[in-house]
Amino acid sequence: MTSSITPTAHLERVYKLLVAAYGEPRNEPDYDPLGGLVGTILSQHTSDINSERAYKQLIATFPTWEEVRDAPTDQVAEAIRSGGLANIKAPRIQDVLLTLTEQQRKQEGKKTLSAYLSDELGKRSTEEAWQYLRNLPGVGPKTAACVLMFNLNRPAMPVDTHVHRVSRRLGLIGAKVSADQAHLVYAKITPPEWVYPLHVNLITHGRQVCHAQRPACLDCTLYDECLYAGSITPQEMNTSN
Ligand code: SF4
């Protein structure tokens, strides 16, 4: 993931049209990647409200990540019950915490787990940090990108179902590029300062206009930029993916 990227004319027009339609949202990172990672695991397959409630209950029950790591798994599951799939998420969270502990032990470090993860990510490039997070147990490409983008304001684009669908229809990524592959494609084509607003606006557009079934093409601000609607040619697409 490079620090300076010139977007294609097509991506630039899409970006500006999305900003005109939905504004240019600003990120508010908290620089707490371990909290973000646990929160992202809790958010899988549930609503934001439920996962936030589970997160608050978890840190109220166990004030440090070391206590979460060392607690009986059924007590961790009980604390996050409101987030759903507690019996799957509790061991997954503890696995991540144990893995970080083991890594630090090999380096003979004595930091908190929070400080350890922050430092490990801070000394890596965005792509290296993304790969590092992906190597933790149960952490997929989207979760890794969420932590980097939301919590650390790093230019890693999380590709969820909305971002993936809208991106393919617009021709920003190739028709055969999977959501997992799209993370690396976006790293090559998006100026770093566009990553967060583009992510948020593509999701908004996917929810409000470019639905999975029956997209509202005739009301779409991106109609003239869309491969799916037949308004751009494959030659105008990004060709780097
Ligand atoms: S024109 Fe239709 S398919 Fe294309 S982005 Fe807009 S809603 Fe989606």
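Which cavity is the space taken by the ligand? It is the largest cavity, a cavity being a set of points on a 1 Å grid over the protein atoms alone where a 1.4 Å probe fits but cannot get out. This is a predicted model, in which local features need pLDDT of at least 70, side-chain atom pairs count only at pLDDT 80 or more, and totals for chains, interfaces and linings use all residues. Residues are numbered from 1 along each chain as its sequence is written, and side-chain values use heavy atoms, with hydrogens and water left out.

**View 1. The shell around the ligand.** Around the ligand you will find R169, L170, H205, V209, C210, P215, C217, C220, Y223, C226, Y228 and A229 (each with a heavy atom within 4 Å). This shell has ten nonpolar, one polar and one charged residues.

**View 2. Helix α6 against helix α7.** The axes of α6 (residues 86-106) and α7 (residues 113-122) come within 10 Å and cross at roughly 75°. So α6 is roughly perpendicular to α7 (65 to 115 degrees). L97, L100, T101, Q103 and Q104 of α6 meet L113, Y116 and L117 of α7 (heavy atoms within 4.5 Å).

**View 3. Helix α7 against helix α8.** Here α7 and α8 (residues 126-134) have axes that come within 9 Å and cross at roughly 140°, which means that α7 is oblique to α8. Y116, L117, E120 and L121 of α7 contact A129, Y132 and L133 of α8. Six of these residues are nonpolar, none polar and one charged.

How values were computed
Axes are lines fitted to C-alpha atoms, for helices over the stretch in contact, and angles run from 0 to 180 degrees between N-to-C directions. Helices (H or I, at least four residues) and strands (E, at least two) are DSSP runs, numbered from the N terminus. Angles under 35 degrees count as roughly parallel, over 145 as roughly antiparallel, 65 to 115 as roughly perpendicular and the rest as oblique. On a 1 Å grid over the protein atoms alone, a cavity is a set of points where a 1.4 Å probe fits but cannot get out, and a pocket is an open set with protein on both sides within 12 Å along at least five of seven lines; lining residues have an atom within 4 Å of a point. A molecule sits in a cavity or pocket if more than half of its atoms lie within 2 Å of its grid points. Ala, Val, Leu, Ile, Met, Phe, Trp, Tyr, Cys and Pro count as nonpolar, Asp, Glu, Lys and Arg as charged, and the others, Gly among them, as polar.
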